[in-house]
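Please look over the sequence and the model first.

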Amino acid sequence: FTWTGFYVGVNAGYGWNTNNENVFVPGIGFVDSGSNGGFVGGGQIGYNYQFNQFVVGVEGDVQYADVNRHRNNDFLFVTPGFVGANNNNNNDWFGTVRARAGFAFDRALIYATGGFAFNGDNGGWTVGGGVEYAFTNNLTAKVEGLYVNIDNGNRNDAFLLGTPVGFVGGKNKDEFGVIRAGLNYKFSSY
């Protein structure tokens with residue numbers, strides 16, 4: 001068996017928000033931004049090249065993500081003289097283009113992966129790893145974990161009596177973890 005060749009596949013799993021951005025509200029204290037999760041699923045395409053027991057490759061994927069990544073932006077608070085709100089940005093998908101490098105034990109592959117992550121208007125990075133097993137010469141299954149960090153720029157969403165007064169909350173980022181299972185069809189290499 002060789003891991004060399006092009007492949008295409010599908011995946012599904014669970015994603016969860018890893019943002020830890022509690023917000024201080026005068027007169028109330030810290031407001032928890034929440035940490036929610038949900039379904040993640042999509043498709044991938046890639047290429048592997050095996051030399052001896054080492055496997056290197058590249059993979060791209062596009063994912064639907066119902067992980068409420070922007071829940072930390074979905075609040076409104078009111079205190080005497082101070083009203084604050086953050087913008088709700090609802091990107092419900094993301095994609096990655098990643099390098100993969102691993103070690104093959106015949107039909108089993110253990111690998112690390114990392115590269116570029118993106119959503120509608122922004123880019124960032126991702127890193128992770130997984131295991132993949134070839135049940136036949138063309139059909140493989142994998143379990144993979146990723147950490148995704150997409151920078152959505154600075155937010156200027158504080159208001160004093162309706163007038164913007166400065167910067168609240170620092171950078172607005174999509175930070176989330178993903179665990180997913182996938183099924184690939186590997187085209188035969190001759």
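This is a predicted model: local features need pLDDT of at least 70, side-chain atom pairs count only at pLDDT 80 or more; totals for chains, interfaces and linings use all residues.

Residues are numbered from 1 along each chain as its sequence is written, and side-chain values use heavy atoms, with hydrogens and water left out.

**Nonpolar core**
- The largest nonpolar core has 10 residues, among them Val40, Phe94, Leu146 and Phe176.
- Such a core is a set of buried Ala, Val, Leu, Ile, Met, Phe, Trp, Tyr and Cys residues joined through side-chain atoms within 4.5 Å; buried means under 20% relative accessible area, exposed over 50%, partly exposed in between (1.4 Å probe, protein chains only).

**Salt bridges**
- The whole structure holds 9 salt bridges, each a side-chain nitrogen of Lys or Arg within 4 Å of a carboxyl oxygen of Asp or Glu.
- Arg180 pairs with Asp61 at 3.3 Å, N to O.
- Arg180 also pairs with Glu144, with the closest N and O atoms 2.7 Å apart, and both of these residues are buried.
- Glu59 and Arg100 form another salt bridge at 3.8 Å, N to O; Glu59 and Arg100 are buried as well.

**Surface**
- Phe105 is partly exposed, with a relative accessible area of 47%.
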